[in-house]
Amino acid sequence: MKPEAQARQKIDQFLTNAGWIVQDYKQINLGASLGIAVREYPLKSGFADYLLFINRKAVGVIEAKPAGFALSGVEIQSDKYSFNLPKTLPCHQKPLPFNYESTGTETFFRDSRDPNYRSRRVFTFHKPETLHQWLGKSDTLRGLLQLLTTIETEDLRDCQKEAIAGLFNSLKENRPRALIQMATGVGKTYTAVSFIYWLIKLAGAKRVLFLVDRKNLGQQTQKEFQQYLTPDDGRKFTELYNVQLLTSNTIDPVNKVCITTIQRLYSMLRGEAEFEAETEEASQFDGEEENQQPKDVVYNPKIPIETFDFIITDECHRSIYNVWRQVLEYFDAFIIGLTATPSLQTFGFFDQNLVMEYPHERAVADGVNVGYEVYRIRTQITEQGSNIQSGFYIDRRDRQTRAIRWQQLDEDLNYVGRELDRSVVAIDQIRTVIRTLKQRLFTEIFPGRSEVPKTLIFAKDDSHAEDIVRIVRQEFGKGNEFCKKITYRTTGEKTEDLIASFRNSYNPRIAVTVDMISTGTDIKPLECLVFMRDVKSRIYFEQMKGRGTRTINPTDFQGVTPDAEVKEQFVIVDAVGVCESDKTDSRPLERKRSVPFDKLVQAVALDQRDEDTLMSLAGRLARLEKQLNQEERRELKTAAGGKSIQDITRELLDAVDPDRQIEQAIAQFQTPTPTETQQQQAAEVLITLACQPFDNPQFRNLLKDIKSNNEQIIDTVSQDVVLEAGFDTTARDKAMGTVETFRQCLEAKKDEITALQILYNQPYGQRRLTYEQIKQLANALERPPCNLTPEKVWQAYAQLQADKVRGAGVQKLLTDIISLVRFAMGETETLEPFSVTVEEKFQLWLAGKEFTLQQVGWLEKIKEHIATSLRIEPEDLQEMPQEAFQGYQLFGNDLMDILDELNEALAA
């Protein structure tokens, strides 16, 4: 079969799945259904590959090409068909509004009724019912977006107005993705509810999807909608429009807003009737997902691609933009991201379209956030561990049941700081930190106060949290209501009720958590964060710090903390050096064996079933099986539906065995020579069967409990001592060292590296840097003895000279290294991203020119290229044929001169 015939075969299937009836021209029957796709329909000249009919009238065309064919040049052909129609052809309108180009692998769509219409990638074809509805409307969604106006309502802060204005401008330009970066605590969710209201009211949005990180944040978001008073109408949002927090896998068609997690949404697209609610409880923010394979998505006619007009992703974990991105890209919708801490993946997914940047520093300056100070507690055991001599009695505690037995040591026991609260619990280490916190609380940390401020302690795991809660109650001499544990294993009280009490009531004064309140959860009266665990992810750490940044009006504040007046700042009590340890945007795993067992089990339950994961799990289970007693084997077998751990291990290995997959395909498809597709389908059957026990939460939890049923050594012998307690200067010293190293490296290499030679020796206006030269400089700085990255240097400057650093941080553009060098040389008074400098120069250059709107739009694209690549050269245009063609159309023979001017004005 020829490639184009293969493509048409796929297109036929896609059309059928979407509800179209596909017919040959000779067999045409326009009354067979609402939507008919006719193959090889004759036109004035030539044939349309597919002509689409709604209610017996033509509405659009599909131009089919073989897989791998570049579709951008095909638009002219499909446009020609939509214009070149027989006079006798009944049409809803001429030219035909709906045009598709497809290879069966990728499909592009455009509605010629849109202002400045352009093609956009879609997952598959729209349903005929949808096109019929669109035909009945006086304007398109993108046409109505042009009516969006400046929102100047009194309920919005200036930063929220700025964010909405930036978003609306982006939507008017038909940019499919937009990112809003706003510091934690400034009201991102309220901003989102506000612009969603106007998108529904002014632009006629059919339905909006609001994605959250976990279930309790969905409940918090639902309350924002319920409490939102519409500024023009006065009624609440939910009195005008239906809002649904999904608790089942069914979307109510009357809803205007659906709130859910990406996990549930993926389950719905897979056609699953139910979804385990507990899978939505844990945050994915700090999950180890870098080794996961992207989620495969197939078309679900019950949830067509046009289900949502807009998708909002609110502080979803970075993996939403790589592991889960196919779920987002399934829908033909604008995607709007809300975040306080964007990562490399985030910027990339949103096409660098940052419509609002409102960092913590600016929020503090505007009085929207409060700042913070760091109070450091260093203890000997925390940093150095301890030694218990033989002969002493120690406790051994079961991690899960917490049952304790005594044992006399027959040899010395040595442990280091990193083993604390994992294999060894040093009771006096926890007690020393808590006692020091209590002793210094009203004298140094919050001088003059008498009420314990609302305090959140971050623990390493649930067992660690239990120890901390008990010792806090003892050291402060208070009862159970004073200090509560809020984790996913909290029993007796609902976690949402505990969070509400911590937020609104006098007690508890201190809450201990692992990660349940680490991201997103709003606790405005919170004044003190105590870190008794380290965090390696910069983004996650910023999210955790964000719990303390929120402002609160004095009346509400005093209602919770009577002796407080105004919340002016919060304090981080750092008991582990978390403010000093190196942070990274992500922590990709090099080997599967470093993935904890419980996360491996949970990953399989969430459909991460690649070969590496299943092989790793099989190996772990094989080792575990040797440690089980008969009672544990019986319990596991019962929970697994009669399968033993050995059976499950064997099936996991069989599922990824190519020979076993071929055997399955031969039996399944009754053929001695199965195709590659059949082998893949057979493998899916084997994998689904092997992983079936892991769909059962009871089996998963039992497996995790038994695996973690190892013992902790309880050190009741060693006494801990405070090495230091005071406000932190180490982090600042470290930042100063980074900046000094950077300056020394520049000085040492200014005669070796071409980019530095140009920056140091050429006059400002005569510098001609290339991207390769900048890359050479970055590589040289990364190597010893410098060991520096632009991100590390940028963060150091931000810590030392926050008033001179613009932007929340370097946005992973290599060109930002120019800004760092210029700032270090003293050429600029402020450190700002290179793209900002280019933008300012571009506006100055434009001020003296007279261009049309179309010319300015084209020049904007060239400006963005210069911001990321330093220069625009003729050979660059060869890589951008569409832009090159448009440039020659707009500027003619002046094009090259204009490019030279831009290079000189923006990049010099």
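**Helix packing and the sheet**

Reply: The crossing of H21 and H25 is left-handed. This is a predicted model, and the description below refers to it throughout. The two axes, of helix H21 (residues 630–639) and helix H25 (residues 697–707), come within 9 Å and cross at roughly 160°. Because angles over 145 degrees count as roughly antiparallel, H21 and H25 are therefore roughly antiparallel to each other.

On the H21 side, the contact is made by Glu632, Glu635, Leu636 and Ala639. H25 contributes Phe699, Leu702, Leu703 and Ile706. By class, 6 residues of this contact are nonpolar and 2 are charged, with no polar residue.

Helix H27 (residues 754–761) packs with helix H30 (residues 816–825) at an angle of about 45°, the axes being 11 Å apart. That angle makes H27 oblique to H30. The crossing of H27 with H30 is right-handed. In this contact, Leu756, Leu759 and Tyr760 belong to H27, while Val821, Arg822 and Met825 belong to H30. Of the residues in the contact of H27 with H30, 5 are nonpolar and 1 is charged, and no polar residue takes part.

The sheet remains to be considered. It is an open sheet of 7 strands with mixed pairing, in the order E1-E2-E3-E4-E5-E6-E7. Strand E1 (21–24) and strand E7 (120–122) are the edge strands, each pairing on one side only. From one strand to the next, the twist averages 30°.

E1 pairs with strand E2 (residues 35–42) in the parallel sense, over 4 bridges. Asp24 has Arg39 in E2 as its bridge partner. In general, strands of a sheet pair through backbone hydrogen bonds, either parallel or antiparallel.

Two helices also lie across strands of this region. Helix H2 (residues 75–83) lies across strand E3 (47–54), strand E4 (57–64), strand E5 (98–102) and strand E6 (107–111). The direction of H2 is at about 145° to E5. Helix H3 (residues 128–135) lies across E2, E3, E4, E5 and E6, and H3 likewise runs at about 145° to E5.

Methods:
Residues numbered from 1 in each chain as written. Predicted model: local features only at pLDDT ≥ 70, side-chain atom pairs only at ≥ 80, totals over all residues. Heavy atoms only, no water. Axes fitted to C-alpha atoms, helices over the stretch in contact; angles between N-to-C directions. Parallel < 35°, antiparallel > 145°, perpendicular 65-115°, else oblique. Left-handed = near helix turned anticlockwise from the far one by under 90°. Contact = heavy atoms within 4.5 Å. Nonpolar A, V, L, I, M, F, W, Y, C, P; charged D, E, K, R; others polar. Pairing = 2+ DSSP bridges.
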